[in-house]
Amino acid sequence: MIREMVLSSKYNFSLGFVPAIVAIVAGTFIAPVYAACMGGGIGLVFCFMSRRQALPFFLLYGTTVVLLLLSVVFVLFPYSPPGNRLPILFEGILLLPPLLLLALGNRWVAPASANAAAHRQHSLLQGAEAAIVSARIVFILALIHGLFLLLAWLAGHPVDGKIDIMLYKVAPPGVFAMAILLNQAGIVYFNRRLKRVAFVPVVNTCGEIVGKKPLLSTILRSDKEAVYPIVRIAVTVYGMLYLLPRSQNCLNEAGKTDLPVESFLIYGESVEQAARRAARHVFPKASLSSLCFNFKYYYHDDNSNRLVYLFLLELDNDAPLLTLHQANGKLWPIGQISRDLGKGYFSKFLEQEFEPLKEIICTREKYREF
């Protein structure tokens, strides 16, 4: 297994709220216009530093633009909130970018990514997803803060009380700081979960490795563009093919009658190693001396994008199959399978590979007679 960090801190888009935190904290000591300029200036520095990154930092851009506009407004219309409520004012205004992202993000990201260049589409979608997660977190924290403000107002706490200091001075920057911490904690937790997760190679249609992905059903199911290699093993006994229903937990064709052995390749192992590992897992006591590679083919439809390596395992008797009888597996004559093709009994993979597989089985049985 390969251990590595899958998500880096650059996917913590809540870091785009750092200029907001600076502006809110500075506003308790200096004039609003200078606080907004300070936050906007730091935002511009961060935007300049992130220009080499492929990901678009939507929240950073939005926060920086709002702070710069606020500085212009404060220059044109000098204003100081009564009762030192500037942190609340900053918090409310700086929540506009994440709220707009939550309201409109899913509507404009897909068309924007479709019109973008091919090398920018993936990064644009990734950036939008990460930004929406960060926006959702900060919005929930802001709602909690607003609820406490409402309760404090209804309870009539004094303006100079400790509760008001917490709600009006500490909580506004704390909302954005807590969003950063929660996002980072989520990234750390996700990476720790994946420390013992195997990776599967991503290949092209020729079988050349072009990348890798974690062996997680959510990732394998959602990514319809990547080509994943799998090994499948046909098992024959007495010239008949052993088939059984696919598990209900399969990513594709659950419940369909199929070959008994199928497995993703693990990143770093060869096709032959993957085949022997998968066969040994299903048939721990069977001899694998006859296990041999037959052919590979590329299969693609709306739900599958696989490069399939098909192996054949010939058994001298059906003893290793007895442990699988509880899964409703049985030996099928080749002729019966031919008659039932196209009737919805078999998996799409078996339908695709049966004809060349039949020729191989029949040829081997023919020469076995001599």
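Which residues make the nonpolar surface patch of about 860 Å²? They are I140, I144, L147, F148, L150, L151, W153 and L154. Such a patch takes residues with over 30% relative accessible area and no salt bridge, and joins nonpolar side chains (Val, Leu, Ile, Met, Phe, Trp, Tyr) within 5 Å.

This is a predicted model, where local features need pLDDT of at least 70, side-chain atom pairs count only at pLDDT 80 or more, and totals for chains, interfaces and linings use all residues. Residues are numbered from 1 along each chain as its sequence is written, and side-chain values use heavy atoms, with hydrogens and water left out.

L147 sits in helix α6, residues 118-155; a helix is a DSSP run of H or I with at least four residues, a strand a run of E with at least two. L147 counts as partly exposed because its relative accessibility is 48%. The cut-offs are under 20% for buried, over 50% for exposed and in between for partly exposed, with a 1.4 Å probe and protein chains only.

Now helix α5, residues 96-115, which holds L100. At 52% relative accessibility, L100 counts as exposed. Its C-alpha atom is 9.6 Å from that of G62, 38 residues away along the chain.

Next, the second largest pocket. Its volume is about 770 Å³. Its lining has 28 residues, and S247, C250, V261, E262 and S263 lie nearest the centre. Helices α8 (217-222) and α9 (271-282) and strands β4 (240-245) and β6 (261-264) each give two or more residues to this lining. By class, the lining has 17 nonpolar, six polar and five charged residues. Here a pocket is an open set of points on a 1 Å grid where a 1.4 Å probe fits, with protein on both sides within 12 Å along at least five of seven lines; lining residues have an atom within 4 Å of a point.

How values were computed:
Patches are made of residues with over 30% relative accessible area and no salt bridge: like charges are joined within 9 Å, nonpolar side chains (Val, Leu, Ile, Met, Phe, Trp, Tyr) within 5 Å. Accessible areas come from the Shrake-Rupley method with a 1.4 Å probe; for residues, only the protein chains shown count as cover. A salt bridge is a side-chain nitrogen of Lys or Arg within 4 Å of a carboxyl oxygen of Asp or Glu. Grid points are joined across faces, edges and corners, and a volume is the space filled by probe spheres set on the points. Ala, Val, Leu, Ile, Met, Phe, Trp, Tyr, Cys and Pro count as nonpolar, Asp, Glu, Lys and Arg as charged, and the others, Gly among them, as polar.
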